[in-house]
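Dear colleague,

Here is the structure I promised to hand over, and below it I have set out what was found when I went through it. Please read the notes with the model open beside you.

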Amino acid sequence: MLFTTVPVTLSIYIARQFMFSVLSMTAFLTGIVCLFDFIDLLRRVATKTDVPTSLVTEIAGLHIPYFFMEIMPFGVLLGGIICFWRLTRSSELIVARAAGISAWQFLAAPLACALAMGALTTAAVSPLSSIMYARAEALDEQYLRSGGGPLTMAGASLWLRQLDTELDPHGVAILHSRDTHLDGALLTIHDISVFRLDHEGNLIFRIEAPAGHLAPGHWELDNASELHPYELPGATRIITLPTDLTLNRVQESFASPETLSVWALPNFIAMLDRSGFSSIRHRLHFESLLALPILAGTMSLVAAGFSMRPTRRGGVAKMIGSGVGAGFLLFTVSKVAEQFGNSGALPPLLAAWAPTGAGLCLAVSLLLHLEDG
């Protein structure tokens, strides 16, 4: 009975110490990042006399969940290093291992806490972060930026692919506009080409129009003409092209992935693929959110590998410094992989999961060396 009670009590104690250190460090790091973000917003608003400081405070506050998600893995790393170092320095870890508890048993509770914290961040904080970040982006765009988004810029080009079942039950239509403008709730397009294809990708005919606009349920193309293969162009007229796109969905396709939660991303990615918009950034962000719990668990193991060395052997400062350096190296690798993923050089799945896998291999190697010599 004593054998079963002690490990549970010890696990609860270690988990409590670990979570306190991790949450404290994550809150501290998030506060520092938010402070710099607030200072940057104040710098941007310095030349805008009509923007109150309260708006800057609101935007900075709306960024907090997003920064928390970005900082959380490194809060686990630094908080875990501090926790394990304190337990080693006070000889609590040494006594536990002398009682026959291996490093793997000792780390079960911190690892479970890190995985749970990562899963909770992905499942619960992500939806909150997406809502608040979207609100912050809207305020930033309305009050602090000179432009109003990509669709309000003269000369914005638009490509989209949509279902076209009017001529073929599984047909598609590819629409290209060389000039796009958004005026209030009216999206107008100019220099339009529409390619109507069958289910095998063969061209049925093409539509050319100098101008058009998005109406509820369809594109309305003015003075448009149909160009069939081996036939003269038809007479110009108003042509309607059915669509399931709305103005909000077209605007959302230009929105940053951070404005969408992990629950909304799969359907949104499918919509982007159907419409012909690039979904690489959204796929990468989705995979990164899925990898977040594993990354948090990996960071807890990396922290243990670099900080559980007995203090009597010396070199503690070097070991802790190496742990911090390894964490930031992993951060750099993840950002480089992210850039390769955004450029299409790496598949989003590989770009999101490769840094986590590399960190996990490093952590397991360190712990095997620490435990088995």
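Arg43 and Asp40 both lie in helix 1, three residues apart, which is about one turn of the helix; helices here are DSSP runs of H or I with at least four residues, strands are runs of E with at least two, and both are numbered from the N terminus. This is a predicted model, in which local features need pLDDT of at least 70 and side-chain atom pairs count only at pLDDT 80 or more, while totals for chains, interfaces and linings use all residues. Residues are numbered from 1 along each chain as its sequence is written, and side-chain values use heavy atoms, with hydrogens and water left out.

Arg43 and Asp40 form a salt bridge whose closest N and O atoms are 2.7 Å apart, the term meaning a side-chain nitrogen of Lys or Arg within 4 Å of a carboxyl oxygen of Asp or Glu. Arg43 is exposed, with a relative accessible area of 55%, whereas Asp40, at 30%, counts as partly exposed; buried means under 20%, exposed over 50%, and partly exposed in between, with a 1.4 Å probe and protein chains only.

The whole structure holds nine salt bridges. Among them is the one between Lys335 and Glu70, with the closest N and O atoms 3.7 Å apart, and this pair links distant parts of the chain, since Lys335 is in helix 10 (residues 316–343) and Glu70 in helix 3, 265 residues apart. Another joins Asp164 to Arg196 at 2.7 Å between the closest N and O atoms, and both Asp164 and Arg196 are buried. Salt bridges that share partners also join Glu70, Lys335 and Glu338 into one network.

Helix 3 is largely enclosed by the rest of the structure, because 19 of its 26 residues are buried. A kink of about 45 degrees lies in helix 3 at Ile71, shortly before Pro73, where the bend is the angle between axes fitted to the seven residues ending at a residue and the seven starting there.

Finally, the count of aromatic pairs comes to four, a pair being rings of Phe, Tyr and Trp (its six-membered ring) with centres within 6.5 Å, called stacked if the planes are under 30 degrees apart, edge-to-face if over 60 and tilted otherwise. The rings of Tyr66 and Tyr133 have centres 4.7 Å apart and planes at 50 degrees, so this pair is tilted. Tyr66 and Tyr133 are both buried.

With best regards
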